[in-house]
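Reader: I'm new to this one and would like to learn how to read it. Could you show it to me and walk me through?

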Amino acid sequence: MIICNNGDDVLEFEALEDEDVEEDEGLPLQGERTRAGGAVTGRGAEVEWQVPAAVSAFGDLLEETSGVDTNVCYQCRKCVSGCPVAYAMDYTPVQLLHAVRLGLKDLVLGSATIWLCASCETCVTRCPQKVDIVKAMDSLRAMALRSGVKSAVPEVAGFYHSSLQNIRLFGRMYELGLIAQLKLYTRQFLKDLDLGGQMLKKGKLRLLPEFASLGAARRVVSRASKLEGR
Amino acid sequence: MRYAYYPGCSLHSTGKEYDASLRAVCLRLGIELAEVKGWVCCGSAAAHAASRRLAVALPLKNLAQVERQGLKEMLVPCAACFSRFKFAWHEIESQPELRREMEDVVEHQFGDGLRILHPLEVMARDEQLAQLASLKSPSLAGLRVVCYYGCLLTRPPEVTHFDDAEYPQSMDRLLSALGASVLDWGYRTDCCGASFSLTRTDIVLKLSHDILEGARQVGAEAIATACPLCQLNLDSRQREIEAEYGTRYNLPIYYFTQLMGLALGVPSRELMLEKHFVDARRALEKVGMP
């Protein structure tokens, strides 16, 4: 008996003994898969197996907020092969998905991975099971921002935070304002100073914000936020 | 032909050349652009990470204005904005309940047949290519260029419906029609790391280096782009990349609309070539262009 306690759920599995599986029976994976809410059952190599489809409360929560069912991932790692930022992450995308279904909420929300996903959509395009990893990452970032967990990559969290404030304040992105805000947040005052100066000189950064759509933007932000109870 | 036009924040600042060159090209080709009145930021940079509903509501606010202006097709040159618009429309088309909610938020009932298009989709149409090929204007003959599409134009295909997700060809066909020697290469849809421009520059330098290196390996002397974030990364960070990796690329990074403009005889001043960080005139002098 294997007992897995992850804080949300207690799962019990019967461990398979080697003699339970007869090699010449082929792959023991011939069951039917139903969507979350139902259970996965199957029969192969003389072994009855059953895995609850909704593995963790955290996985359920993610599915509720993002519509992404992590349980259909069969860990083929195609997402990792194509991910341009996997080299910089603490957990690869496929590991993060698995952590979600194990209910390891603190690990997931505290990971660098959720902030280092570039949202390039390569994994989503190539996933044979159509797991929308980018949508999952979006939801996980939103959860992390809301729950006040300390971000493993604070400058990126600060960027999301500052950008949103920028839209609320100006209606359109005001790059200089965003850069100033970000510098206050990260305390990296000297970063890209030279590049910024050149951009200004070339007239590629506006000195003043455009307020053309301020009222309209504020109205949408407040009406959309109200829907989400905030 | 008349289109609604959503420039987005970048084309009013860091990507001014893209705005100017697109307008110049459309003027020459008889394509009329009507800027979306009072457009708001599409939320590209951040809304999706904070609130799923806001990420849908911001683009829809602009689409509502498009319909109010009596237009049905909107051109979005920024690949990041294009992606957000396509996502928002995909979401409400596939979820009737969300559609009702969002129509309430943006205070507008959407009709049918609204289309979000990237300028490449219009410029690389067969009839447009035929028109361009028949023009007696300076051609790009001799310019060895690779076409860089970036992430968000083609992916995911179920949402963007743009060309081919892994091997897009529209920009290649367009620049070939204008006489350029378009080279095949392996980085056309790779990511430049744009979302980390202001934060994790180390990631941007690595990813953009790979792209520049890929272009050099096939013998390109220029890269054509279709996204203001890609252009900015590859152009303005190129010196830093060269210093970091101890090499020299000196590869000008053009918007495809700038190259179109040159082929159509638009003066280079109007295309804002002087705003580039890497000298953009050198490659053109080589092919006998002003």
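Reader: What pLDDT does chain B average?

Author: pLDDT is the predictor's confidence in each residue, from 0 to 100. Chain B averages 94, and 99% of its residues score at least 70. For the complex, the predictor gives an ipTM of 0.92 and a pTM of 0.87. This is a predicted model, where local features need pLDDT of at least 70 and side-chain atom pairs count only at pLDDT 80 or more, while totals for chains, interfaces and linings use all residues. Residues are numbered from 1 along each chain as its sequence is written, and chains are lettered from A and ligands numbered from 1 in the order in which they are written.

Reader: How many residues of chain B are in contact with chain A?

Author: Contact means that two C-beta atoms, placed from the backbone, lie within 7 Å. By that rule, 43 residues of chain B touch 45 residues of chain A. Helix 3 (52-68) of chain B gives the most to chain B's side, with five residues. Helices here are DSSP runs of H or I, at least four residues, and strands are runs of E, at least two, numbered from the N terminus.

Reader: At what angle do helix 11 of chain A and helix 3 of chain B pack?

Author: Angles run from 0 to 180 degrees between N-to-C directions, and axes are lines fitted to C-alpha atoms, for helices over the stretch in contact. Here the angle is about 145°, with the axes of helix 11 (residues 214-227) of chain A and helix 3 of chain B 9 Å apart. Among the residues that meet are V220(A) and A224(A) from helix 11 of chain A, and L54(B) and L58(B) from helix 3 of chain B.

Reader: In what order do the four strands of the open sheet in chain B come?

Author: Strands of a sheet pair through backbone hydrogen bonds, either parallel or antiparallel. Two strands count as paired if DSSP finds at least two bridges between them. In chain B the order is 2-1-3-4, with parallel pairing. Strand 2 (32-35) and strand 4 (115-117) of chain B each have a single partner strand, so one side of each lacks a neighbour in the sheet. Further in, two bridges join strand 1 (residues 2-5) to strand 3 (residues 73-75) of chain B, and Y5(B) stands opposite L75(B).

Reader: Where does H12(B) lie?

Author: H12(B) is in the loop between strand 1 and helix 1 (16-29) of chain B. Leaving aside neighbours within four places in sequence, H12(B) is in contact with E210(A) and P7(B).
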